[in-house]
Amino acid sequence: LFNRWLETGAPAKQKWVLYAASIHGGDAIVPLLYSQIQEWPKHARGAMAAEAVKALALNGSTAGLLQVDQISRKFKFRQVKAAAGDALSFAAQQLGLSRDELEDRIVPDLGFDERMEQVIDYGARTFRAVLSLSLEIDIFDSDGKRLKNLPAPGKRDDEETARAANAAFKQMKKQLKAVVSNQKLRLEQALMTRRQWSAPRWTELFVKNPVMHQFAISLIWGVYEGGRLKDTFRYMEDGSFNTADEEEYELPAGGRIGLVHPVELDQALLSGWKEQLEDYEVTQPIEQLTRPVSRPTTEEE
């Protein structure tokens, strides 16, 4: 239906096809819609692209909502970008959530387990994909040997199983790239707007989700009470928490958790955190501790 509509020039009078295709097209329709959303504005069809974004938000899949989220944050054409923001806000309203809460909920695990691993099955062979701290994918064979890339299916593999697994892996790599880009923008915004999470919600998003877990261990977090910074901590790769002095820290059940801005830290504490990240050779995914800070002079005060 969607292809036939495109073949006839995608007439605006039949734009209902966008909604029918999105709602009933499953994951397969998402890249096709996104391709048209990118193409139409180049040919003075921004209104149709904006309509397609609204339709994409009704797809019902995480992939669809993630694509809309990406468009709402970074898209060349303002009309389409605004439509994506409206579509996300509408979806959140229908679910009784804030837009931030909806965006938290749609972060996928991409098939990785709590150990940041997943198995790729070729039938006769299996491979282990591991999500690294740099949010890249490392591939290992069944003997634990690291490979440069996932091998192409061979004659000894189960043809159908191997082909499907290889295609799914390629699609997952593309999705990972989009997710990482989206989440960097979201974390940057969370830092600037002082967004905070309750301890259980923070744990659900940053500890249990394998993608966000890799972000979490590279950032410095604060515990806030009454809007004021009480403690700072870092989430470690082994699941523990520690302070700038590398003492073990117990995450409180109450309070709110947010990204610490360097303007909130005195020079000694800021230097302590910077030194710890350097010692552990941790590269932050967003500019946090190195953000420039301008403090008023006595005269300005």
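Modeller: Contact here means heavy atoms within 4.5 Å. The model is a predicted one.

Colleague: Which residues is Tyr-34 in contact with, leaving aside its neighbours within four places in sequence?

Modeller: Tyr-34 is found in helix α3. With neighbours within four places in sequence left aside, the residues in contact with Tyr-34 are Gln-67, Gln-70 and Ile-71.

Colleague: Is Tyr-34 buried or exposed, and at what relative accessible area?

Modeller: A residue is buried when its relative accessible area is under 20%. Tyr-34 is therefore buried, its relative accessible area being 18%.

Colleague: How many of the residues in helix α4 are buried?

Modeller: The buried residues of α4 are Gly-46, Met-48, Ala-49, Ala-50, Glu-51, Ala-52, Val-53, Ala-55 and Leu-56. What covers them includes α1 (2-7), α2 (16-24), α3 (29-39), α5 (62-73) and α6 (78-95). Helix α4, residues 46-56, is largely enclosed by the rest of the structure, because the buried residues number nine of the 11.

Colleague: How do the buried residues of α2 lie, seen down the axis of the helix?

Modeller: In α2 the buried residues are Val-17, Leu-18, Ala-21 and Ser-22. Seen down the helix axis they fall within an arc of 125°, so they line one face of the helix. An α-helix has 3.6 residues a turn, so residues three or four places apart point the same way. The cover over the buried residues of α2 includes α1, α3 and α4.

Colleague: Which residue just after α2 takes a positive phi?

Modeller: The phi in question is about 65°. The residue that takes it, just after α2, is Gly-26.

Colleague: What is the relative direction of α3 and α4?

Modeller: The axes of α3 and α4 are 9 Å apart, and the helices pack at an angle of about 155°. Angles over 145 degrees count as roughly antiparallel. Helix α3 is therefore, relative to α4, roughly antiparallel.

Colleague: What is the relative direction of α5 and α6?

Modeller: The axes of α5 and α6 cross at roughly 130° and come within 7 Å. That angle makes α5, relative to α6, oblique.

Colleague: How many charged residues are in the contact of α5 with α6?

Modeller: The crossing of α5 and α6 is left-handed. Leu-65, Val-68, Asp-69, Ile-71, Ser-72 and Arg-73 in α5 meet Val-80, Lys-81, Ala-84, Gly-85, Ala-87 and Leu-88 in α6. The residues of this contact divide into seven nonpolar and two polar, and the charged ones number three.

Colleague: What share of the contacts in the chain with a separation of 6 or more comes from residues 24 or more positions apart?

Modeller: The chain has 11 helices and nine strands, and buried residues make up 45% of its 301 residues. Its C-alpha trace spans about 70 × 55 × 30 Å along the principal axes. Of the contacts with a separation of 6 or more, the share from residues 24 or more positions apart is 63%.

How values were computed
Residues are numbered from 1 along each chain as its sequence is written. This is a predicted model: local features need pLDDT of at least 70, side-chain atom pairs count only at pLDDT 80 or more; totals for chains, interfaces and linings use all residues. Side-chain values use heavy atoms; hydrogens and water are left out. Buried means under 20% relative accessible area, exposed over 50%, partly exposed in between (1.4 Å probe, protein chains only). Helices (H or I, at least four residues) and strands (E, at least two) are DSSP runs, numbered from the N terminus. The arc is that of the directions from the helix axis to the C-beta atoms. Axes are lines fitted to C-alpha atoms, for helices over the stretch in contact, and angles run from 0 to 180 degrees between N-to-C directions. Angles under 35 degrees count as roughly parallel, over 145 as roughly antiparallel, 65 to 115 as roughly perpendicular and the rest as oblique. A crossing is left-handed if the near helix is turned anticlockwise from the far one by less than a right angle, and right-handed if clockwise. Ala, Val, Leu, Ile, Met, Phe, Trp, Tyr, Cys and Pro count as nonpolar, Asp, Glu, Lys and Arg as charged, and the others, Gly among them, as polar.
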